[in-house]
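Please look over the sequence and the model shown here before reading on. The briefing that follows takes up the ligand site and then a selection of individual residues.

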Amino acid sequence: MYTLGIETSCDETSCAILKNRQVLSNVTLSSLREHKKYGGVVPEIATRAHLVNLNRVVSLACHKAKIPLNRIDLIAVTQRPGLIGALVVGLNFAKALSLALKKPFIGVNHLPAHLFASFLDSNKRITFPFLGLVVSGGHSQIYRVDDFDRIKIIGSTVDDACGEVFDKVAKDYGLGYPGGPLIDKLFDSQKKLDFKFNCGRSGFNLSFSGIKTALIYKRIEIEKQGRLTRTMKQSLLSSFQYAVLERIIVLVQEAADKLKIRRLVCGGGVVANSYLRRRLKDQEKQGLKVLIAPKVYTGDNAAMVAGLGFYLYNKRRLSSNFSLEAQSN
Ligand code: KG4
Ligand code: ZN
């Protein structure tokens, strides 16, 4: 079965074609360059870029997969959460295509799609329940997943998402946007304890806005003393990354113990982080079976959307009708 996936929830216009769970093509065009000078994604610019690019990206995905549009059996599209204008472009495109091709479409939730990224290009059986961890620019959540349509949120960030706080701190330190990969590169494990920073928590919920403010105040203080060298920045940002990511590791350990679930599936942009990947894998020593999305599928992409759509349509007999509306949260 061939599934066309469409993802337009933020700044990436992405289309993919899957044969069952195998990715035949996954084409992503980002409008990131247009947002850089604003230090973050501007919704209006992202929406217009999707309008301009979507048609071309679909054609490219078909061309790369060597599958013409009329051989597509199912269209899967991100319906939520995301920038509302950006989502509307993708969803309406999917509806129009569904009408024209007389093929079913299914709107999917972007967050479990990040988890599904771990099951792409594989025939492995998906075993439930598992703990799901999504850490991205817009979300930091941990779930109990009994099936892909039976998901319960166990914990969430109460303010800034993990990737968002990487981006904001990097911006304040003059590193550029997006900040996550830049801090990842700068991270030096020898310097991770040079400063002691903390993240807030309440039960399984996390708070990252306090550590963000602490980093900003520290930068101002050290800059006033004329000590803000590159090495000093590296110490501060290594200590920051260590504090944030170790907090996530503790959250995973505690959730696994409390729920007595020994399987963990991880996805989302921040899961590209080298230190986090290593620490998540370390949990196998504690008896957790850990699946981490391949780096190519951690950021926003249509392959994960197509994969989840394929699964829900085939295994759960789900599809959408034309009254389906985009949802920002
Ligand atoms: O999943 P994603 O592509 O978009 C959302 O759904 O939000 O995640 C983007 C986020 C950005 O905040 C970016 O800084 C962060 O993922 N990110 C990273 C790394 N690569 C991307 N954060 C830490 N380390 C990385 N290597
Ligand atoms: Zn995402």
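A polar side-chain atom of H114 stands 3.2 Å from an oxygen atom of ligand 1, and this falls within the limit for a polar contact (a pair of N or O atoms within 3.5 Å, where within protein one atom must be able to donate a hydrogen and the other to accept it, and residues adjacent in sequence count only if both atoms are side-chain atoms). This is a predicted model, in which local features need pLDDT of at least 70 and side-chain atom pairs count only at pLDDT 80 or more, while totals for chains, interfaces and linings use all residues. Residues are numbered from 1 along each chain as its sequence is written, chains are lettered from A and ligands numbered from 1 in the order in which they are written, and side-chain values use heavy atoms, with hydrogens and water left out.

**The ligand site**

- A polar backbone atom of G163 lies 3.2 Å from an oxygen atom of ligand 1, and a polar side-chain atom of N273 is placed 3.1 Å from a nitrogen atom of the ligand.
- Taken alone, ligand 1 exposes 550 Å², and the protein buries 86% of that area; accessible areas come from the Shrake-Rupley method with a 1.4 Å probe, and for residues only the protein chains shown count as cover.
- The largest pocket is the space that ligand 1 takes. A pocket is an open set of points on a 1 Å grid over the protein atoms alone, where a 1.4 Å probe fits and protein lies on both sides within 12 Å along at least five of seven lines, and a molecule sits in a pocket if more than half of its atoms lie within 2 Å of its grid points.
- Two or more residues of the shell around ligand 1 come from each of α4 (110–116), α5 (162–172) and α6 (179–186), and α6 gives the largest share, with 3 residues. Helices (H or I, at least four residues) and strands (E, at least two) are DSSP runs, numbered from the N terminus.
- Ligand 1 is surrounded by 19 residues, of which G137, D167, D184, G269 and D300 are the closest; a residue counts as near a molecule if one of its heavy atoms lies within 4 Å of it.
- By residue class, the shell around ligand 1 holds 4 nonpolar, 12 polar and 3 charged residues, where Ala, Val, Leu, Ile, Met, Phe, Trp, Tyr, Cys and Pro count as nonpolar, Asp, Glu, Lys and Arg as charged, and the others, Gly among them, as polar.

**Buried residues**

- T78, in strand β4 (residues 74–80), is buried because its relative accessible area is 1%; buried means under 20%, exposed over 50% and partly exposed in between (1.4 Å probe, protein chains only).
- The side chain of T78 also makes a polar contact of 2.6 Å with the side chain of E7.
- V89 belongs to helix α3 (residues 84–101) and counts as buried, with 13% relative accessibility.
- D160, in the loop between β8 (150–156) and α5, is buried at a relative accessible area of 8%, and its side chain makes a polar contact with that of K168 (3.4 Å).

**Exposed residues**

- K315 is part of helix α10 (residues 302–315) and is exposed, with a relative accessible area of 60%. The C-alpha atoms of K315 and F148 are 9.7 Å apart in space, although these residues are 167 apart in sequence.
- V296 is placed in the loop between β12 (289–292) and α10, where it counts as exposed at 65% relative accessibility.

**Backbone geometry**

- Most residues other than glycine have a negative phi, and most peptide bonds are trans.
- The peptide bond from R80 to P81 is cis, with omega near -20°, and P81 lies in the loop between β4 and α3.
- Y177 and P178 are likewise joined by a cis peptide bond, with omega about -5°, and P178 lies in the loop between α5 and α6.
- N20, in the loop between β2 (12–19) and β3 (22–30), has a positive phi near 50° and counts as partly exposed at 33% relative accessibility.
- K66 has a positive phi of about 60° although it is not a glycine; K66 lies in the loop between α2 (43–65) and β4 and is exposed, with a relative accessible area of 71%.

Definitions and conventions: On a 1 Å grid over the protein atoms alone, a cavity is a set of points where a 1.4 Å probe fits but cannot get out, and a pocket is an open set with protein on both sides within 12 Å along at least five of seven lines; lining residues have an atom within 4 Å of a point.
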